[in-house]
Every structure is written in C-alpha cells, then in structure tokens.
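Subject: Structure for you to look at

Hello,

Here is the structure I promised to pass on. Please open it first, then read my notes below.

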Amino acid sequence: MNFDRHSFHAFILQNDLQYSVEFVASRTTFYCIFNKTPHSTLPYLSLTQYELQTFTEKRETSWAFTPYGGGDVDGPSNGAAPLPWDVEAHPAHLFHDEVKVVQVPHTASVKECHRCKGTGSLQCSECHGKGWTRCLSCHGDGWYTDSSGYKERCFYCQSSTHGHGRQDCLKCNAKGRVACPPCDSYGQIRCFIRLTITWKVNTSEHIVRKGGLPEALVKEVSGQVAFEEEGTRIFPLTQFPDNTINLASAQLVNNHKNAFHDERTYAQRHQVRIVPVAEVEYGFKGGPGKFWVYGYENKVHSPDYPHTCCWGCCCVM
Ligand SMILES: [Zn+2]
Ligand SMILES: [Zn+2]
Ligand SMILES: [Zn+2]
C-alpha cells in the first residue's frame, strides 16, 4: 500500500474478476494501490439472493352512482349480472401493480337523487335559502348617514334584488338554491355495482450473506441470474447446489401459499441471483478499515473511508 495526498486507487484482480477502484479527491489524503493479487488479503465473496414474487389479484365490489341525464342503462333486463370473479378482466402487464375499476354488467338502474329528492337543487347554506344576507355596510338599514346627518341610499345594497338593506347572496346568485352535486342538477342518478380489481406484486427474498456488506446494498445492484422460473404456480427449489437456497425457497413458497387469503394467485416467479463482492481490508492513519466492491456496476461501499462525507458510497469504472 502507498499513500498519497490526492487520490485513492485500488486494483483488485480475483477469480477472473477485475476491479479498479479509484478515488480522486482534492481534499482527501488517502491513496492506496492493490496491484497484482495477494489473494489471501483480498477475499472475493459471492452473495446469493433468492427472490420469490407472487402476483395476486383481489376483487372488491361496492355500490356506486353517477349523475343521470339520459342514455342507455345496462340493467337486469339485459341479463343476469355476473359474479365478481366471472367478470372478464386482465392486467396490462404481469408482475406490475395495477388497479382497474369496472362496472359490473347488468347491475345499473336509474333512481331519484337521494340528496335533492329529485329536484336537482339544494338550499343555499350561505343564505339559508333566502337569496340574500343582511348588508354589513348599513347594518340592514338601507341608508347611509354621514357625520353632518345627511342621509342617502346605501351604495352597497341600493340595487339589490331583494330590496334595500339586503345584499344578494353571491353563492346562489340571489336564488336561494344551488346545484345538487350528486346528480349534477339532473335530479336522477344511475346506480350500479362497481368492481375494483387490484393486482399486486408480493416479494419475499432471502440473501445468503458472507462478509459484512449491508444486505440493503445488495438489492441495488445486478448480478448473474443463476436460475429463474415463472408460471401460474411454482414449486420450491430442491436441486440448487447451495442447500440454504433450497430451504429458503421451500419456506417462502409455503409462506406465500398461506399469505393471501382473499386474493387469487395470478402468477408466480422465482429467481436466484449471484452478486460478486470483493471485501478489502486496509490500514491507514486512524487504524484498520474495510471497503467493498460489489455488483456488476462495481459499486463501492466504504464506510470507514477518511473524510467519508461524500465518498461513503459511489460507483467506479
Ligand atoms: Zn340531486
Ligand atoms: Zn344563497
Ligand atoms: Zn346597505
């Protein structure tokens, strides 16, 4: 190892994998080169990740309505309404979260609006149906009196629809009633059964970890896919060379089998990924330190790196 004032360079060659780690930092005083390959001091680890995904579908029904201003209504006269699981619907993509809302066929009917009782309007809450509010300028008097005792019509309410001393209600335009929102003033609504279909990706994983690289970091990088399988329903792995993966697969597949009570399993897939990791130990002024180069992206995790504020984790090469 050598140290210099302006850069940090590590060159790692191990098991056919070659990493060149280089930091060029103007304010750091750290420089180290690993060249050639002292295998014993640069352990190459591989991290195995097993991931199981179950793509589930959930169907929920509820009553819904929209304003009805005329037009066709798909009611029971068109046929029997299908059960929720008999309604034809498919996700746009497998293994993507999605929500679809559809109307269950033959469930619609037209009803009088429950809010306005079919009138299409509601009493104005601002003026309580009167169409006016007391004029605040003249306190309802209709006249304005100046300091010398001269009286004249109040400027603010002199042309009011409902007479002097009263101001037109702005909310209802002096009518006393406002449009009914549920029926959009039609007085009628179209009721139907709404079906909400939710497709969701449920992911579980197990990482066989060697060394001290934090697990969360492994998920961010890519590695080699050693095995993958997809189907309507998959069975646990039994023949993978690392038996820990077989055991994890059996447990996670079984967990997923019992986890989604009111949902239907639409599809399942699982994958084994091997992520390359090199763990490097070094010595520096403050004592020993350690960093990791991991994933095909050659990311570096270096929590002990001197002046680590902006170099704790970065990408190289
Ligand atoms: Zn209404
Ligand atoms: Zn009003
Ligand atoms: Zn007034």
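Helix H2 covers residues 243–259, which is 17 residues. From first C-alpha to last, H2 reaches 24 Å, close to the 24 Å expected at 1.5 Å a residue. Please keep in mind that this is a predicted model.

Which residues of H2 are buried? They are Ile245, Ala248, Ser249, Leu252 and His256. Seen down the axis of H2, these buried residues fall within an arc of 105°, so they line one face of the helix. The face turned away from the buried side carries exposed residues: Asn243, Asn254 and Asn258.

Now the chain as a whole. It has two helices and 17 strands. Of its 317 residues, 21% are buried. Take the contacts between residues at least 6 apart in sequence: 70% of them join residues at least 24 apart.

Next, the cores. In soluble globular proteins, nonpolar side chains tend to be buried together. The largest nonpolar core here has twelve residues. Among them are Leu47, Leu213, Val218, Phe291, Trp292 and Tyr294. Val275, Val277, Ala278 and Val280 also belong to this core. Two strands, S14 (264–284) and S15 (287–294), each supply at least two of its residues. A second, separate core has seven residues, including Leu52, Leu237, Ile245 and Val272. Ile245 is also one of the buried residues of H2.

What does valine 275 contact, leaving aside neighbours within four places in sequence? Its partners are Ser46, Leu47, Gln49, Val218, Val221, Gly223, Tyr294 and Gly295.

Then threonine 54. It sits in strand S3, residues 44–67. Is threonine 54 buried or exposed? It has 26 C-beta neighbours inside 10 Å, and 20 or more make a residue buried, so threonine 54 counts as buried. Not counting residues up to four places away in sequence, threonine 54 touches Asn202, His256, Phe260, Thr265 and Gln268. One of these, His256, is a buried residue of H2. Threonine 54 and threonine 203 are 149 residues apart in sequence. In space, their C-alpha atoms are 6.6 Å apart.

Histidine 106 has phi near 60°, a positive value in a residue other than glycine. It lies in the loop between strand S4 (98–103) and strand S5 (109–112). Histidine 106 is partly exposed, with 16 other C-beta atoms within 10 Å. Histidine 128 also has a positive phi, about 55°, although it is not a glycine. Its loop runs between strand S6 (121–123) and strand S7 (132–134). Histidine 128 has 11 C-beta neighbours inside 10 Å, so it counts as exposed.

Last, glutamate 88. Where is glutamate 88 found? It is in the loop between S3 and S4. With 7 C-beta neighbours inside 10 Å, glutamate 88 counts as exposed. Glutamate 88 and valine 102 are 14 residues apart in sequence. Their C-alpha atoms are 10.0 Å apart in space.

Best wishes

Technical notes
Residues are numbered from 1 along each chain as its sequence is written. Chains are lettered from A and ligands numbered from 1 in the order in which they are written. This is a predicted model: local features need pLDDT of at least 70, side-chain atom pairs count only at pLDDT 80 or more; totals for chains, interfaces and linings use all residues. Helices (H or I, at least four residues) and strands (E, at least two) are DSSP runs, numbered from the N terminus. The expected span of a helix is 1.5 Å times one less than its number of residues. The arc is that of the directions from the helix axis to the C-beta atoms. A nonpolar core is a set of buried Ala, Val, Leu, Ile, Met, Phe, Trp, Tyr and Cys residues joined through C-beta atoms within 7 Å. Two residues are in contact if their C-beta atoms, placed from the backbone, lie within 7 Å.
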